[in-house]
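Trainee: I would like to go through the labels used for this structure and see what each one rests on.
Mentor: Ask about them in turn, and we will set each value against its cut-off.

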Amino acid sequence: MSEWTDKPWERQKGESAQAYEAFAMYRDMGTERSIRAVSQRLGKSKTLIDRWSREKSWVERVRAYDNELAKEAKAKAVREHKAMTERHISIAMQIQKKALEALKNLSVENMSPKDIKEFIKMATDLERINRTLEETDKSSDESSERLADDIIAAYKKRKGDGNA
């Protein structure tokens, strides 16, 4: 294989502008790549395109290009996932702060024994979820959804009873 520049999908030493144009077209065809398609689109003989492909290692260069694209896509997905997680943590922290403020202002006199029992159950469930490392993300998500549903149901019940 000929010597590459920095990146194999860039124009190589000794590669003519026409040969590089043909390679770039081949590279950018994605899953539809073929020597025949390049020769037809450029109006050049298939024999010439075959020779350029062989001499300048198009298959290996395209493999390197595809691998680089996949690596970049994965890195982007990791960055986006990290940003999403940070956003979700920020939102969760804001909600926790508001919930704690509401809890401090909650008068014991306005709570029924059933309300107290529900709050204790929710609090112990939340602690258990956070202390159990073996739980999978899915079961944690389901527990969190159940806990959120329980909190909403308790709030609606209290609001409906006129105790909110």
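Trainee: Why does Trp9 count as buried?
Mentor: The model is a predicted one. Trp9 has 13% relative accessibility, and buried means under 20%, so Trp9 counts as buried.

Trainee: What makes Trp9 and Tyr65 an aromatic pair, and of which kind?
Mentor: The ring centres of Trp9 and Tyr65 are 5.7 Å apart, and rings pair if their centres lie within 6.5 Å. The planes of the two rings stand at 65 degrees; over 60 counts as edge-to-face, so this pair is edge-to-face. By this rule the count comes to 4 aromatic pairs.

Trainee: Why is this pair said to tie together parts of the chain?
Mentor: Trp9 lies in the segment before α1 and Tyr65 in helix α4, so the pair ties together parts that are 56 residues apart in sequence.

Trainee: Is Tyr65 buried or exposed, and how do you know?
Mentor: Tyr65 has 18% relative accessibility. The cut-off for buried is under 20%, so Tyr65 counts as buried.

Trainee: What makes Arg27 a charge over the ring of Tyr65?
Mentor: The charged end of Arg27 is 5.1 Å from the ring centre of Tyr65. The distance limit is within 6 Å, so Arg27 meets that part of the rule. The rule also asks for a position within 35 degrees of the ring normal, and Arg27 is listed as sitting over the ring.

Trainee: Which residue lies over the face of Phe23?
Mentor: Arg61 does, at 3.8 Å from the ring centre; the limit is within 6 Å. Phe23 also belongs to an aromatic cluster with Tyr20, Tyr26 and Trp58.

Trainee: Which residues of helix α2 are buried, and what do they pack against?
Mentor: Helix α2 covers residues 35–42, and Ile35, Ala37, Val38 and Ser39 are buried there. The buried residues of α2 pack against α1 (17–28), α3 (46–55) and α4 (58–104). Just after α2, Gly43 takes a positive phi of about 70 degrees.

Trainee: What makes the pattern of the protein chain α-α-α-α-α-α?
Mentor: The protein chain has 6 helices and 0 strands, and reading along the sequence gives that pattern.

Definitions and conventions. Residues are numbered from 1 along each chain as its sequence is written. This is a predicted model: local features need pLDDT of at least 70, side-chain atom pairs count only at pLDDT 80 or more; totals for chains, interfaces and linings use all residues. Side-chain values use heavy atoms; hydrogens and water are left out. Helices (H or I, at least four residues) and strands (E, at least two) are DSSP runs, numbered from the N terminus. Buried means under 20% relative accessible area, exposed over 50%, partly exposed in between (1.4 Å probe, protein chains only). Contact means heavy atoms within 4.5 Å. Rings of Phe, Tyr and Trp (its six-membered ring) pair if their centres lie within 6.5 Å; planes under 30 degrees apart count as stacked, over 60 as edge-to-face and the rest as tilted.
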